[in-house]
Amino acid sequence: MSSAKQPDHPSHRPAARATDDGSAIEDVLAKLRSAGRQRGNIVHWHTIEAREAQYAPFPAKLDLEIVRVLKDKGIGRLYTHQADAIEHSLAGRHVVVVTPTASGKTLCYNIPVLQRILRRPESRALYLFPTKALSHDQYRGLYDLTQALGREIKVYTFDGDTPAAARKSIRAAGQIVVTNPDMLHTGILPNHTRWIKLFENLETVVIDELHQYRGVFGSHVANVIRRLRRICAFYGSHPNFICCSATIANPGDMAERLIEEPVDLIDRNGAPCGRREVIFYNPPVVNRELGIRASSVKEARRMALRFLERDLQTIVFARSRVRVEILTTYLRRAMARIGRDPRRIQGYRGGYLPNERRAIEQGIKSGEILGVVSTNALELGIDIGSLQVAILTGYPGTIASAWQQGGRAGRQRQTAVMIIIANSSPLDQYLMEHPEYFLGASPENGILNPDNVLILAGHLKCAVNELPMPDGERFGPAHPAALLEYLAEQRVVKHSGGQYHWSSDSYPAEEISLRTATAQNFIIHNLSDGGRVLGEMDYESAQELLHPQAIYMHQGTTFHVDQLDWERRKAFVREVKADYYTDAVPKSDLFVLHVDETEVIARPDIAPAFQPGHGTTAKPAPPVAEAFHPLLSRNFGDVRVDITVPKFKKIKFESQESIGYGEIDLPQYELHTQAAWWTLRAETKEWLESRSLDLGAALKGLAWLVGNVASLHVMSDRRDLPCVAMVRSTFDGLPALYLYDRVPGGIGLARRAYGLDRQIFRAARDVAAGCGCREGCPSCVGPVLEMGERARTSALTLLDGILLTAAR
């Protein structure tokens with residue numbers, strides 16, 4: 001939606017395509033409801049009825065020129081949340097606006113910014129969007145609005161693509177600068193002496209897509225905001241912040257954590273919406289004995305084709321870059337088989353070059369592209385027109401992300417369809433069993449940790465490089481004296497005259513990537529095209545996706561990785577026709593470095609029926625409540641994780657058959673981070689054996705379960721919070737279960753899991769107890785061939801004991 005259009009006004013709807021009269025989508029929905037194999041796998045169908053708008057008058061203090069322009073565009077009133085946000089912002093209060101996708105949030109910040117510029121032309125505003133694509137998209141709507149005002153308001157985008165010739169005039173004359181946190185970090189703050197007019201007159205800072213600023217990215221951006229406010233204070237300005245977010249549990253807290261100021265929460269949504277059909281689809285069980293379900297990727301292809309063959313523009317989201325490429329390949333082949341142009345199906349993900357991504361975005365918006373398969377890269381509010389169907393191949397990890405992805409369909413008042421296709425993971429199966437968890441209020445909290453030592457130290461260097469830091473100055477809530485002394489020992493900064501000064505020849509901002517805790521990306525060169533740059537990949541993913549002999553996929557084309565130059569951060573690939581893809585198998589070893597917190601669980605007062613050392617063939621075991629309390633302690637602290645990728649699997653397209661293995665010889669990756677862990681009593685092994693159960697199987701199954709379910713409660717990707725089980729811990733020799741942050745220094749995920757452990761264990765038990773398998777499967781405790789025949793019963797028994805102990 002452009003910044004000046006309300007989504008419910010008829011004059012602002014795009015002309016309907018020839019096939020878009022509503023009958024095609026109703027036809028497909030009717031067939032899904034009525035019969036067929038797919039209907040039998042729809043476990044829940046929820047209709048969100050169309051909602052009428054709730055309006056409020058324009059604020060009394062709003063400039064009449066702005067009111068005139070809005071009325072000329074058919075906006076005679078504001079939605080309630082828009083009016084609230086504008087009034088609070090113009091009163092000088094920081095605000096965070098939390099409403100669904102396509103609810104007109106852009107007016108919540110555009111109007112206060114324009115009001116301030118009309119009242120005082122010297123006023124400046126800075127817009128921060130998480131991606132360059134979103135910055136350019138929002139710029140167009142803002143520019144149209146300023147043109148309609150008939151005033152010479154200078155609006156510019158400023159990012160890595162901005163020509164050098166234009167940068168001087170933007171710095172001198174730009175009243176509204178639209179950029180992203182990365183450019184603010186590397187291009188604006190370190191060069192603040194060239195941006196004096198901006199910083200002297202900065203009255204408004206807009207931070208859109210606030211919910212994206214969690215984890216590593218959010219922890220970095222919070223430090224960038226610290227640096228921004230520090231420079232503003234130096235030039236005498238104290239800007240007002242306007243933040244916008246999708247629905248999460250703690251938007252106010254997260255905004256306050258990001259800007260470190262009190263924030264007013266605006267969450268009374270007044271925008272209308274069309275009818276939305278939300279379908280929960282669980283693929284059929286293809287091997288009941290092993291509990292294996294049909295591939296979610298294949299089911300997504302089958303479901304998408306129902307809509308694509310009726311010319312209904314569809315977006316399919318996949319959890320990984322590899323799945324995006326596999327699905328793109330499948331859909332292109334399927335389109336060719338039915339006589340349709342396969343080029344109307346495109347993939348979209350990180351790693352594509354900017355020009356390629358822009359062309360795909362434009363193709364979606366124009367309708368030239370009928371179907372797009374994307375990672376969460378298209379989850380954000382980039383204007384790609386009004387798609388009608390959104391298919392999620394696997395739960396994306398958070399409720400906020402799922403609604404953002406589903407919201408890409410039906411961005412006008414038309415009927416929209418959102419289909420969640422589960423995979424076999426415990427997390428997805430939990431949601432299939434408990435759709436009310438998804439459809440109810442969001443329970444998720446966005447987590448960021450700006451005081452992560454590695455992240456903080458990097459930005460402290462940047463801050464001192466930008467302005468000397470006097471003794472006693474704070475950088476965030478903590479005093480940075482100890483870190484500054486360490487940097488002085490490293491001869492990076494120098495203490496002189498009561499201040500710390502930058503003393504190195506390096507440019508610290510260039511050494512820090514906001515998107516990862518480490519800064520190095522790998523560049524991918526295509527040897528089949530003279531070594532031309534094909535794409536790029538982050539450091540953490542390169543071991544698993546760019547190792548020698550890997551199959552790298554790009555827009556459905558397969559490439560063989562001939563060489564990975566680890567030192568120079570380059571990969572060399574050549575195009576091949578491969579009927580398989582590769583899947584790396586990582587291995588982790590964990591060592592406790594320091595215990596920060598521990599809670600020893602006292603033994604129960606009641607005498608246990610089981611006594612260590614007694615025979616294992618005695619009478620049937622009594623209920624767990626009378627038998628044994630296995631949990632010895634809950635712990636939190638610092639750990640080291642040694643990660644290697646020793647081998648990879650080759651997996652055939654379509655059949656998913658494993659056709660071989662290969663060896664990988666790459667350097668070990670050493671990770672220092674934070675972990676939560678739960679230690680079991682030494683007698684637990686004998687207690688389980690007395691019931692003909694197995695401790696190793698119980699712990700492996702529990703790690704599979706908890707590793708999946710924990711991410712649901714701490715709002716993280718499954719891969720960001722791995723779970724490791726040890727029958728004999730390297731720390732104290734006792735059985736233990738570890739959850740660790742896969743980010744150097746930790747960003748608060750393990751800390752959050754430590755505080756939510758009872759809730760996580762209860763959800764894990766619900767998954768295991770509710771599964772229909774006999775001995776274990778990927779949907780509960782993991783594949784039975786990998787975990788053992790007694791894994792499910794062993795894990796359930798151990799969980800019951802842990803929950804009983806933890807409840808005391």
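Analyst: Strands here are DSSP runs of type E with at least two residues, and helices are runs of H or I with at least four, each kind being numbered from the N terminus. The model is predicted. With that numbering, Arg288 falls in the loop that joins β12 (285-287) to β13 (292-293). Arg288 has a relative accessibility of 63% and is therefore exposed, since the cut-off for that class is over 50%. Between the C-alpha atoms of Arg288 and Trp687 there are 30 Å in space, against 399 residues in sequence.

The strand pairing can be followed from β28. Strand β27 (residues 580-600) runs antiparallel to β28 (residues 631-652), and 18 bridges hold the pairing. One of its bridges sets Tyr580 against Lys652 in β28. Strand β30 (residues 669-680) is also antiparallel to β28, with 12 bridges between them. Gly637 has Ala675 of β30 opposite it. A further partner of β28 is strand β29 (residues 658-663), again antiparallel, through five bridges. Ile651 is bridged to Ser658 in β29. In general, strands of a sheet pair through backbone hydrogen bonds, parallel or antiparallel.

Elsewhere, an open sheet of three strands has the order β19-β21-β20 and antiparallel pairing. Its edges are β19 (469-470) and β20 (493-496), each of which pairs on one side only. Two bridges join β19 to β21 (residues 499-502), in the antiparallel sense. In one case, Met469 has Tyr500 of β21 as its bridge partner.

Next, the aromatic side chains. Over the whole structure, the search gives 19 aromatic pairs. One of them is Phe199 with Tyr235: the ring centres are 6.1 Å apart and the planes meet at 15°, so this pair is stacked. Phe199 is buried at 0% relative accessible area, and Tyr235 is buried at 16%. The latter value counts as buried because the class takes in anything under 20%. A tilted pair is formed by Tyr552 and Phe559, with 6.4 Å from centre to centre and 50° between the planes. Both Tyr552 and Phe559 are buried. Tyr109, Tyr127 and Phe129 make up one aromatic cluster.

Two arginines are placed over rings. The charged end of Arg301 is 5.1 Å from the centre of the Tyr330 ring and sits over that ring. Arg333 lies over the face of Phe653, with 5.9 Å to the ring centre.

The nonpolar packing comes next. The largest nonpolar core contains 84 residues, and Phe438 and Val706 have the most contacts inside it. Helix α23 (residues 695-714) supplies the largest share of this core, 12 residues. With neighbours within four places in sequence set aside, Val706 touches Cys723, Leu737, Leu739, Ile760, Phe761 and Ala764. As a general matter, nonpolar side chains tend to be buried together in soluble globular proteins.

Last, the cysteines. A disulfide needs two sulfur atoms within 2.5 Å, and the count by this rule is zero. For Cys244 the closest cysteine sulfur is that of Cys108, at 5.7 Å, which is too far for a bond. Cys244 is buried, at 0% relative accessibility. Cys462 takes part in no disulfide either, as its nearest cysteine sulfur, in Cys232, is 16 Å away. Cys462 is likewise buried, with a relative accessible area of 1%.

Note on methods: Residues are numbered from 1 along each chain as its sequence is written. This is a predicted model: local features need pLDDT of at least 70, side-chain atom pairs count only at pLDDT 80 or more; totals for chains, interfaces and linings use all residues. Side-chain values use heavy atoms; hydrogens and water are left out. Rings of Phe, Tyr and Trp (its six-membered ring) pair if their centres lie within 6.5 Å; planes under 30 degrees apart count as stacked, over 60 as edge-to-face and the rest as tilted. Buried means under 20% relative accessible area, exposed over 50%, partly exposed in between (1.4 Å probe, protein chains only). A charge sits over a ring if NZ of Lys or CZ of Arg is within 6 Å of the ring centre and within 35 degrees of the ring normal. A nonpolar core is a set of buried Ala, Val, Leu, Ile, Met, Phe, Trp, Tyr and Cys residues joined through side-chain atoms within 4.5 Å. Contact means heavy atoms within 4.5 Å. Two strands pair if DSSP finds at least two bridges between them.
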